[in-house]
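Please find below a short note on the structure, arranged as numbered points.

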Amino acid sequence: MAAVEPGSGTGTGTGTGSGPGSGSTPPARVYFQAGGERERDGDAEPLPRRQGKVTVKYDRRELRRRLNLEEWIIDQLTVLYGCEEESIPELEIDVDELLDLPSNEERASRVKDLLIACYKPTDEFVKELLSRIQGMQKFSTPQKYSPQPPK
């Protein structure tokens, strides 16, 4: 941001001549503020700093797949329970928990136990859910990225 020195005139001159040395008002001097500050209502304030790089590495493809699965589950539960998302009974279908179970039969049993209060048939939902989680990776707590020390 540039600032004009007070009382230095506008640089156009008010005398008969407008060139240097003609006795007119000297041109205005322009000063620039330091790059790390900006002026706001006369007060200098540092510019906001950019955030550092993300230090946690995520598999974006797996995250997208998880998000799509969660959206699909919510859509299916609204159909099964015949209500809006906010009215679905409190239940949690934990994909990581299902992935920990050793067989599809145990996974199916676990999901059916969670849907015990549903009055509509759930077999198609369970079958499709198990199909969709096939090949998914279990999420672990993300580890902070630390570069390997040079050897």
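Which residues does F139 touch, not counting residues up to four places away in sequence?

1. F139 touches E62, L63, R66 and D96, where contact means heavy atoms within 4.5 Å. The C-alpha atoms of F139 and D96 are separated by 6.7 Å, although the two residues are 43 apart along the chain. F139 lies in the segment after α4 (123–133). Because its relative accessibility is 32%, F139 counts as partly exposed (buried means under 20% relative accessible area, exposed over 50%, partly exposed in between; 1.4 Å probe, protein chains only).

2. This is a predicted model, in which local features need pLDDT of at least 70, side-chain atom pairs count only at pLDDT 80 or more, and totals for chains, interfaces and linings use all residues. Residues are numbered from 1 along each chain as its sequence is written, and side-chain values use heavy atoms, with hydrogens and water left out.

3. The protein chain contains four helices and four strands, in the sequence order β-β-β-β-α-α-α-α. Helices (H or I, at least four residues) and strands (E, at least two) are DSSP runs, numbered from the N terminus.

4. Of the 151 residues in the protein chain, 21% are buried. Among contacts with a separation of 6 or more, 56% involve residues 24 or more positions apart.

5. E86 is located in the loop between α1 (60–81) and α2 (95–100). E86 counts as exposed because its relative accessibility is 70%.
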